[in-house]
Amino acid sequence: MTSWLRTHGSVPLYLLLVVVCTEASHAGDSVCRSSSVTSCTECLRGGTQCAWCFMENFQDGLWPGPRCDLPANLLRRGCAPEFMEQAEVKVEVNTTISSVQVSPRDIVITLRPGAEASFIVAVKQLERYPVDLYYLVDVSASMQENLDHLKTVGVALSLRMMEHSSGIWMGFGSFVDKPVSPYINVHPSKINNPCSDYEIHCRPAHGFHHVLSMTGNMSEFTRVIKRQRISGNMDTPEGGLDAMLQAAVCEGVVGWRPEAKRLLLLMTDQPSHLALDSRLAGIVTPHDGLCHLENNVYTGSTSMDYPSVGQLSNKLLENHIYSIFAVEKQQYQWYEELVRLIPGAYLGKLGLFQAPNIIELVVEAYKRLLSEVAVSVSVEDRAASRYWVTVSPLCPDGSTAKGQSCSGVQPDQMVYFNITVGLHSCPDDGEDEDVKVMVRPVGYNESTVVRIRSKCRCGCGPTRRCHDDNQSTCTGTRDQEQRPNHGLLNDSNRETNWKCRAEGSDVDCSGRGECVCGRCVCEQSRLGAVYGKYCERDSFSCPYEGGVLCAGRGVCVSGDCVCEDGWTGESCGCPTSKTTCHSANGLLCSGRGRCTCGKCVCDDLRYSGDACERCPACQSTCQSYWKCVGCHLSHGLTQNMVGHCNNSCTPLVGYTDDVSGQAGEMWIQCMYISNDSCRYRFQIISHAGQTQLQISTRPECTSSGRLIGTFLTVCALTVLCGLVVVAMLRLLLQRNLWSPGGATEVVVYHCTGKDLSYIPTTTEKTVTYRRDQLPDHPVEMQIQVTKMSLGDPWQF
């Protein structure tokens with residue numbers, strides 16, 4: 001950090017600080033020495049002229065007088081300068097950030113309450129810029145004629161803007177209003193075609209539709225304009241501000257270029273809805289200021305309120321966008337009031353939306369906006385009430401303009417802004433805070449970030465003991481000690497002792513100290529230090545591990561272990577490194593768990609081991625090594641060929657004659673069946689992240705002849721069993737047929753013939769045969785059959 005003000009006109013800040021201190025030196029004496037000031041913080045709130053002496057033996061031999069005074073008075077009373085806490089104002093500028101248009105880009109300011117600091121921001125106007133122009137057009141029914149005039153604007157405007165810029169890109173979007181009642185007609189026949197009563201096919205109403213991203217192809221721009229159709233709504237105001245905010249914040253979708261001057265042209269013939277208007281539709285959620293485009297359509301139109309003017313202004317500033325309003329003269333007064341609230345806005349009054357008028361409006365607005373240089377200064381909302389800001393511009397002609405802008409600025413000219421920031425007060429909790437202040441030149445893609453560090457608390461040297469309240473705590477007590485009235489003394493002591501007791505306690509200083517003058521003086525312990533306002537803290541009441549305080553890897557501070565580097569946990573028993581949890585393949589806990597306190601905790605309870613590498617219950621364990629075993633079998637299970645399978649196997653592979661003898665060592669027994677129907681036994685074990693595989697060299701094979709014999713035997717037995725079952729069923733059936741009382745009603749028919757379709761019971765006399773000679777002319781034949789004795793032949 002270097003001081004930018006020192007090299008670019010440090011006189012304003014120097015004079016400002018001198019004036020503040022000089023004027024305050026006369027009146028500050030009484031303010032600083034006030035009897036109501038009892039702490040360092042209160043002292044410094046009195047102004048930048050006050051100082052606090054935190055020297056312990058200040059005015060040794062005398063009862064302590066006021067520690068808050070002017071620095072010169074404290075020095076005269078014996079307080080050394082290194083024991084004075086004073087308000088400081090510091091301005092530091094980062095000059096390492098390159099800038100073309102705005103400088104400096106980064107500033108850090110340190111302020112005390114009541115202090116202020118000034119800095120200068122320089123803004124340079126370049127000769128030519130690339131330009132991005134986004135057309136945002138109202139496509140309600142009343143804009144039909146105006147929409148037709150846009151079809152010839154693209155090429156002509158591009159040629160005209162080449163005189164003032166290095167090139168222009170154009171984009172296009174349309175809007176109507178929120179597609180909810182009462183803004184549109186929600187009758188089913190009107191939702192998809194709002195113009196159905198006029199026998200015109202219109203597009204549905206929409207809050208915002210992004211049609212064309214930024215492009216330098218003017219033919220494409222013209223083609224898109226010609227495809228546009230009008231829509232319709234019910235009420236007079238439109239949703240223009242809703243659409244403007246989306247076009248500003250959806251930077252990537254719209255295609256705004258970082259280096260270009262950005263122009264947003266709003267074309268409409270009606271006023272726009274403002275924040276809170278959507279309550280008529282039951283929409284009460286404030287706009288969040290974010291982009292909500294899906295498939296180039298604004299999806300938050302029916303769920304969020306219209307943006308406020310202030311919100312829209314902030315988003316236009318954040319995205320470096322100039323806004324141009326092209327409205328008909330009937331609405332000029334309404335938009336004239338709106339433009340005053342939006343920085344970098346230009347209002348054009350058009351009689352007709354004809355192409356020449358639109359081109360002249362854009363060119364004139366661009367020249368006017370470019371020639372006016374203005375800045376906007378914003379403080380974070382949470383701290384805005386505690387700061388004040390003033391801006392004083394110095395224009396190129398040497399004049400000091402009123403307001404925050406200079407007009408008539410030409411290319412390559414510089415405008416200087418002298419900005420002063422002051423701190424009224426600290427937060428309610430009295431803590432220090434960092435606040436960001438943004439200085440944005442309107443329409444520029446560069447800005448200045450000012451980070452303010454408010455010093456609300458006193459440091460009071462290395463010991464951080466400010467000796468607050470010394471001037472008033474015991475003054476009455478010392479006076480009473482010199483008086484003979486012991487009753488008053490006792491009452492004062494009792495009142496003072498209450499300051500040494502924590503809330504809910506009836507013991508002074510937690511029983512570990514002595515109350516002296518309303519303050520606890522903590523006793524010394526051989527175990528460690530005792531401290532705190534009520535002696536409630538110490539350096540030895542921390543967890544022990546292995547009989548050692550904080551496991552010997554940290555120190556005890558206020559009952560908590562502060563661990564050394566590389567250790568953590570309540571008692572410093574857990575290493576921060578996770579190296580002990582890595583498996584042989586480099587994964588943390590083999591990818592199956594998490595490292596907790598230097599040990600793997602497996603997510604799946606089936607896994608175990610130091611790195612979650614074991615899983616005896618996993619069904620896929622054996623199968624995952626089949627490829628490895630097959631590779632070794634293909635190379636003959638010889639030791640000199642082991643290296644050929646390193647790509648598909650664990651490197652720890654061995655051969656053995658018998659794998660069953662080692663089953664008691666956590667080995668997982670597996671089986672592999674080769675192509676020649678031989679079974680090979682193998683076993684696996686994992687230890688310390690390493691997997692070992694042992695393959696049996698003794699296969700268990702079965703000959704092919706034996707297999708064929710077994711197969712034929714099974715088939716023969718199956719056929720034999722079937723024949724026995726059929727014979728038994730036939731025997732039972734014949735026995736039932738010759739049983740008494742059953743022979744007269746059971747008839748066996750010996751029928752052949754492919755045309756028999758139905759055989760009735762023996763009590764029926766009619767049998768019907770059907771033969772289809774032709775597809776559409778069937779022939780039927782009926783035969784009368786009398787009852788016949790069993791065994792008689794059929795007669796026709």
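On this tour, buried means under 20% relative accessible area, exposed means over 50%, and partly exposed lies in between, using a 1.4 Å probe and protein chains only. By that scale Cys715, at 33% relative accessibility, is partly exposed.

Before moving on, a word about the model. It is predicted, so local features need pLDDT of at least 70 and side-chain atom pairs count only at pLDDT 80 or more, while totals for chains, interfaces and linings use all residues. Residues are numbered from 1 along each chain as its sequence is written, and side-chain values use heavy atoms, leaving out hydrogens and water.

**Stop one: the disulfides.** How many disulfides does a search of the whole structure find? There are 15, a disulfide being a pair of cysteine sulfur atoms within 2.5 Å.

Select Cys43 and Cys68, whose sulfurs are 2.0 Å apart in a disulfide. Cys43 belongs to helix α3 (residues 40-45) and Cys68 to strand β2 (residues 68-69), so the pair links distant parts of the chain, 25 residues apart. Helices (H or I, at least four residues) and strands (E, at least two) are DSSP runs, numbered from the N terminus. The link is right-handed, with 80° about the S-S bond. Cys43 is buried at 1% relative accessibility, and Cys68 is buried at 2%.

Next, select Cys563 and Cys572, joined with an S to S distance of 2.1 Å. This link is left-handed, at -95° about the S-S bond. Cys563 is partly exposed at 23% relative accessibility, whereas Cys572 is buried at 0%.

Now go to Cys574 and Cys597, a disulfide with sulfur atoms 1.9 Å apart. Its S-S torsion is about -90°, so the disulfide is left-handed. Cys574 sits in strand β31 (residues 574-575) and Cys597 in the loop between β32 (593-596) and β33 (599-602), 23 residues apart. Cys574 counts as buried at 19%, while Cys597 is partly exposed at 35%.

**Stop two: Asp177.** Select Asp177, in the loop between β9 (168-175) and α7 (188-191). Is Asp177 buried or exposed? Asp177 is buried, yet it has no salt bridge, meaning a side-chain nitrogen of Lys or Arg within 4 Å of a carboxyl oxygen of Asp or Glu. The nearest side chain of opposite charge, Lys178, is 6.6 Å away.

Show residues in contact (heavy atoms within 4.5 Å). Leaving out residues up to four places away in sequence, Asp177 touches a set including Tyr183, His206, Asn233, Glu238 and His273.

Technical notes
Lys and Arg count as positive and Asp and Glu as negative; His and the chain ends are not counted.
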